[in-house]
Amino acid sequence: MATLSIQLAADTHKGMRRSGNEDTFGVFAIPGYEAAFVVCDGMGGLQAGDIAANESVRVIEADLKAQLTLANADPAPVLLNALRRANDAVNALARPGSVSEEDPTVGSEPAPSNALMGTTVVAGVVRGETLWIAHAGDSRAYRFRDGALERLTRDHSFVAEQVHAGNMTEAEARISRFRNMITRAIGIDSTLQPEVRQDTLRPGDTILVCSDGLTTMLEDNEIEPLLDGKGSLERQVQGLIDAANRKGGHDNTTVLLLGVGGGGEPVRKTVEQRGGGIPAPEGSRERRRRRASGPSPLVLMLAILGALGLLGMFLLALSPALRTRLGANLATKTAPPPERLADFAHLTYDPVPKRIVDSPLARRNQLALQPDGGAIFVRNSGGQVIQVRRDHAEKVLVGDLKVPDIQKMDTDSLDDEVYLASDPQGNLYISYSARGVIKKLTPEGKELTRVSGLNRPGALCVETKTGDIYFIDASNHVLALRARHTLPSSPTPK
């Protein structure tokens, strides 16, 4: 039986739209094993997903190192138990005080009280020629063999279940508004049912483990050519991340590649790596790469603005006439009032809403909106009031409202709720959660239009400048129904 050599490379990137990275990965050494790794994609926003991912990597690594070194340890149940212990640890962080201080799974990192905190996970180990992989969520593992890519994991998501049942195609699943609805993940339930599988490796195999930031941007047939084996594993990792970013980079992207070679002594020495939300150690290659990357865009922008400001002051100092004219213009000009639509009654709406905030950071029953839609205001499950601007920048305005809930309600209990909003012309907007419908009525109660097929819509607001309807759905995401400007039909000439 030929011996195998194992090489590992991994990296993570925040993508082109996110301000932070909630993905985390770990590669670590375990005596007797050629490789051990874990990739986590945090969920929840407001740093909570980052905390869940980091804590899961910490617990899984500690558990595997402790249990796999025992005599006759079976990797399959050890992996399953490690993921379940990570689930317990994340739940304990989301509900401080619910677990004893002596519980060894609880880390020292502080976390907000946030029931939405969670993470997907793929963890695996290699011993000899055998690979074991356990997972929960929609982060994936693939095997690239003989030029073909094969999935080793099945997504734990609503759309994946619909595809498996024959109710939806893969193409429909990729654009479905329910594509981010995860059915299994660390931290979303008190118990976790991960899956585990065992495979035999061959020389020439490449194992790809990735977060959904890669697979939502690239289809499987677009990934295959990037695993052609040309160049080092590090170059292939970077090529995959760059390709996802070129397609839009809507999410954090993490890629881990495990390359299998043949002949020679098996490689048992693993260089431990961390990536994502965990800071790189001082002096590491990652830190050196960050130092060498030059000043950040924010620093460059501030420097340019400062230079323009100094130039303006210099010109004003040279020209008294220019100062006088500028002062007169500023004195006579006032900011124009916000534009409003002339007629809200004849607006129609796109049937598929657009997600405004990528992370599920809102409660379904509380939403406010600036008149021009420049910012939305929501309250999250931790009692914080959050401002989210058009560029997706998030800011905590109120740290704790200190408003106790009169009664604890789960998501399903909100199905019978009805929410109301109005526009400047007095038209009434009603969201029916149980029916998945938003209606628009005249002030006299005549129905003007309706949008159906929504995911249990909750609180809603209307932007006065465009007429767009903003609402929060059952997954606690903020979405918008974009208004279509149509004119009333003219009477037929006689």
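This is a predicted model: local features need pLDDT of at least 70, side-chain atom pairs count only at pLDDT 80 or more; totals for chains, interfaces and linings use all residues.
Which residues does Thr442 touch, not counting those up to four places away in sequence? The contacts are Asn427 and Leu448.

**A loop residue**

Thr442 sits in the loop that links β20 (437-441) to β21 (447-451). Is Thr442 buried or exposed? Its relative accessibility is 13%, so Thr442 counts as buried.

**A strand pair**

Strands β15 and β16 run antiparallel to each other and pair over five bridges. Arg379 stands opposite Val385 in β16. Strand β16 is mostly covered, with four of its five residues buried.

| Element | Residues |
|---|---|
| β15 | 375-379 |
| β16 | 385-389 |
| α7 | 233-246 |

**A helix and its cover**

Helix α7 has 14 residues. From first C-alpha to last it reaches 20 Å, close to the 20 Å expected at 1.5 Å a residue.

Which residues of α7 are buried? They are Leu233, Gln236, Val237, Leu240, Ile241, Ala243, Ala244 and Asn245. An α-helix has 3.6 residues a turn, so residues three or four places apart point the same way. Leu233, Gln236, Val237, Leu240 and Ile241 are among the buried ones.

What covers these buried residues? The cover includes the strands β1 (4-13), β9 (206-210) and β10 (253-262). It also includes the helices α5 (212-215) and α6 (220-223).

After α7 comes Gly248. The phi of Gly248 is positive, near 135°.

Definitions and conventions. Residues are numbered from 1 along each chain as its sequence is written. Side-chain values use heavy atoms; hydrogens and water are left out. Helices (H or I, at least four residues) and strands (E, at least two) are DSSP runs, numbered from the N terminus. Buried means under 20% relative accessible area, exposed over 50%, partly exposed in between (1.4 Å probe, protein chains only). Contact means heavy atoms within 4.5 Å. Two strands pair if DSSP finds at least two bridges between them. The expected span of a helix is 1.5 Å times one less than its number of residues.
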